[in-house]
Amino acid sequence: MQNQSKIYAKKGKTNIFFVLIFSVFAIMGAVFLYFMFLTPIIKITKAKKWVEVSCVISKSQVVSHSGDGSTTYLVDINFTYQYNGKRYEGGQYNFNNSSSSGFQSKNEVVLQYPVGFQTKCFVDPKNPIEAVLNREYYNDLWFSLIPLIFLLVGFFGAFYFLFNGYQKRYPKGMRYYGNLKDTNNLGKSDSDDYFSNPNVIKEVSGVRLFLFIFAFTILWCGIVLSAVSFTNTTGTTEEFFGAIFSNLVIFVFAIVGLGLILLSLYLFLKLFNPKFSIELLNNKICLGDELKFKVLCRSNLKNIEHFSISLVGMESAIYSIGTNTETEKHIFFEKDIPVNGKLDQMIGSVYSVKIPLDKMHSFKANHNAIEWKIVIKGEIAMYPDIDSEFIIKVGVK
Amino acid sequence: MISAEHNPFSVSKIHKLPYRFKIKDVEAIMENWYYHNNQGMISGGHGVGKSTLLKELVFVLESKQEKIRFVMLNDKREFGLKDLWNILQLDKKSILVIDGWEQINFIYKTFVYFKIKRLKGFVGTSHVRTMVPVIFEASTDINTFLDLVAQLVSHNNKLSLPDLRILFDKHNGNIRDCFFELYDFVSDCDRENMDTTSSG
Amino acid sequence: MSHLSILLEKKQFRPNESIEFSIEWNLSNVTDQNLEIHLFWHTVGRGTEDLGVYETIAFNAQSSSGKKSFRIKAPAHPYSFSGKLVSLIWKIEVVSPATKLSASEVIQITPSESPIVL
């Protein structure tokens with residue numbers, strides 16, 4: 001059976017693209033963090049030195065804002081006070097100027113400050129028009145740290161793609177012009193280590209990929225939601241481009257966001273798939289040898305259907321020039337390994353398969369490779385399928 | 001199955017094809033380069049032969065005993081700090097050649113831009129317009145493609161190929177992608193049962 | 001007219017077998033008579049070429065024409081093979097760096113006489 005898959009990877013422009021995207025996230029995170037968190041903190045700190053004076057409450061109510069199916073509330077309290085012989089009217093309860101859900105907590109504050117109530121306020125001696133009733137840190141200040149996530153993810157993401165990108169996926173290529181020159185000492189590879197295998201080959205964890213996709217999904221959806229609320233509350237884009245255009249653009253971005261959410265969910269579910277590992281029973285595996293191994297798994301296997309193990313030999317060729325890289329793969333050998341008995345009996349059993357003598361051993365150069373691997377597949381109803389690969393080095397006698 | 005070394009569209013055979021010029025000779029491009037104070041960019045889309053042409057220009061420069069510093073960039077050969085440092089160290093007599101200008105990030109590009117003004121010359125390839133003047137716009141046409149295919153399969157009249165005009169249009173003139181598809185097509189051919197017709 | 005050539009009695013070798021060959025040269029009007037012999041492999045096919053030089057022998061011809069025998073031990077691997085996407089080809093090459101003249105011969109390094117076809 002022959003199979004061929006194509007992987008097309010771009011580099012170069014993609015690097016700058018991600019640098020810009022993450023930079024935008026970082027800048028937006030910094031801006032929001034400054035206004036939502038740092039500015040109140042600075043004001044509260046300064047207000048600790050303000051002068052305490054008597055004041056009288058002139059207005060006290062909870063103001064509501066409705067939009068997008070939810071209502072938010074804000075404490076609206078006015079008070080009059082005197083400073084240096086002059087009369088002023090203040091309107092700031094505390095340094096939290098944003099409205100939020102939760103009517104009860106705001107109402108409790110308003111009930112503490114009824115109209116006509118005499119209390120204390122704090123006045124800026126350098127600018128007496130500035131005054132506040134409550135100069136303490138408030139609970140909602142913690143939520144104002146959310147932009148910090150955007151800032152950190154954006155900063156490290158931009159840093160990563162600016163200086164690393166996809167460089168580590170492949171070994172460094174050679175610099176050449178005209179005639180080919182030796183790449184990186186590929187000519188001599190007689191050491192025993194070249195074909196050595198570990199005793200146990202474990203599956204590569206998908207946690208890093210999941211975390212990366214998940215972080216990107218949060219950033220993307222955050223931007224889309226911000227754009228949605230901006231378009232609906234201010235109406236300014238509707239004046240310029242019309243509601244249809246702005247909503248179409250957001251719709252496209254929202255579809256991408258939905259795709260990212262589904263991908264994150266898929267990767268998350270895949271994390272809980274049974275994790276296999278292969279224990280090799282041969283000291284060294286060569287062409288013509290009988291490969292013996294055990295399949296190990298610590299997870300529950302009862303939902304797996306159509307379980308299969310096979311030995312696969314694959315050639316791969318990478319073509320890279322300019323900004324493009326193309327990888328082509330072709331399976332030149334595939335043999336199913338008989339799996340008898342129930343699933344839980346299979347785990348820990350010894351399997352064997354003969355490596356053909358007339359094929360090529362494992363080989364890896366910068367652009368071309370011959371790989372041998374043990375492939376474990378299984379189907380799980382309504383769940384991501386199992387498709388695990390374990391690369392083995394097949395050497396020469 | 002046609003094995004890799006017998007496939008007429010293998011990378012090594014394609015790389016040996018000389019650049020097919022639409023204009024008369026390399027000297028005309030060089031004149032354009034001298035006119036722009038020895039600065040110039042070869043621009044054009046993917047797979048039109050920019051890198052091939054660049055190598056021929058470098059060959060001409062080397063034959064004139066010029067001091068060349070060649071940097072070839074691709075997915076696995078990234079422009080790093082070391083490259084930037086080496087370029088900044090170049091003396092006024094050097095000519096810098098960069099294949100894959102768009103691979104360089106904008107921060108490094110800024111430094112390289114300033115440096116190339118102080119060198120004897122610069123020539124590069126790029127997919128997009130840059131601040132460096134374009135000395136040649138590389139492009140392809142169907143006749144060039146048909147000629148190249150004829151050169152590659154000249155020793156094998158029995159090879160059956162798909163409709164080359166349709167293939168050329170499908171890939172929007174990207175000859176490299178056309179060759180990739182032809183490679184895949186030929187590699188699946190049964191050697192013993194090849195047709196005698198060849199289209200194009 | 002200058003020329004270089006490689007003479008081989010056979011072209012198929014087993015790994016670690018001794019490769020015996022001769023180099024014939026005629027370097028007329030050439031003062032630099034240094035020659036280099038390379039035993040190397042390179043890939044051909046769908047991907048960018050890779051190349052690995054296994055052994056290099058440098059020698060001075062000491063005359064404008066002549067013939068000399070050499071012996072190199074074939075490597076244990078990689079084997080020569082032919083695939084759909086990749087083929088690996090071993091070659092012996094002789095080069096005159098001064099004149100840029102070269103000659104090469106393809107050899108097969110496989111454990112059996114039949115070539116490896118994937």
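## A loop residue in chain C

C:Lys100 sits in the loop between strand 8 (86–96) and strand 9 (101–109) of chain C. Helices (H or I, at least four residues) and strands (E, at least two) are DSSP runs, numbered from the N terminus. C:Lys100 is not a glycine, yet its phi is positive, about 65°. This residue is exposed, with 8 other C-beta atoms within 10 Å.

The model is predicted: local features need pLDDT of at least 70, side-chain atom pairs count only at pLDDT 80 or more, and totals for chains, interfaces and linings use all residues. Residues are numbered from 1 along each chain as its sequence is written, while chains are lettered from A and ligands numbered from 1 in the order in which they are written.

## Other backbone features

A:Met382 also has a positive phi, about 60°, although it is not a glycine. A:Met382 is in the loop between strand 14 (368–380) and strand 15 (386–392) of chain A. It counts as exposed, with 6 C-beta neighbours inside 10 Å.

In chain C, the peptide bond from C:His77 to C:Pro78 is cis, with omega near 5°. C:Pro78 belongs to the loop between strand 6 (65–73) and strand 7 (81–82) of chain C.

## Strand 1 of chain C

C:Leu7 lies in strand 1 (residues 3–8) of chain C. C:Leu7 is exposed, with 12 other C-beta atoms within 10 Å. Leaving out residues up to four places away in sequence, C:Leu7 touches C:Phe21, C:Ser22 and C:Glu24. Contact means that the C-beta atoms of two residues, placed from the backbone, lie within 7 Å. C:Leu7 and C:Lys67 are 60 residues apart in sequence, and their C-alpha atoms are 9.7 Å apart in space.

## Where chain A meets chain C

On chain A, 26 residues are in contact with 26 residues of chain C. Strand 10 (304–321) and strand 11 (324–337) of chain A are the elements that give two or more residues to this side of chain A. Strand 10 of chain A gives the most, with five residues.

By class, the side of chain A that touches chain C has ten nonpolar, nine polar and seven charged residues. Ala, Val, Leu, Ile, Met, Phe, Trp, Tyr, Cys and Pro count as nonpolar; Asp, Glu, Lys and Arg count as charged; the others, Gly among them, count as polar.

Chain B has eight helices and five strands. Buried residues make up 36% of its 200 residues. Helix 3 (residues 50–63) of chain B has 14 residues and should span 20 Å at 1.5 Å a residue; its end C-alpha atoms are 20 Å apart, which agrees. The expected span is 1.5 Å times one less than the number of residues. After helix 3 of chain B comes B:Gln65, with a positive phi near 65°.

The largest nonpolar core has 41 residues, and B:Ile42, B:Leu96, B:Val97, B:Cys178 and B:Phe179 have the most contacts inside it. Such a core is a set of buried Ala, Val, Leu, Ile, Met, Phe, Trp, Tyr and Cys residues joined through C-beta atoms within 7 Å. Helix 8 (residues 175–187) of chain B gives this core its largest share, seven residues. Apart from this core lies another, of 32 residues, including A:Ala317, A:Tyr319, B:Ala4 and C:Tyr79.

Methods
A residue is buried if 20 or more other C-beta atoms lie within 10 Å of its own, exposed if 12 or fewer, and partly exposed in between; C-beta atoms are placed from the backbone.
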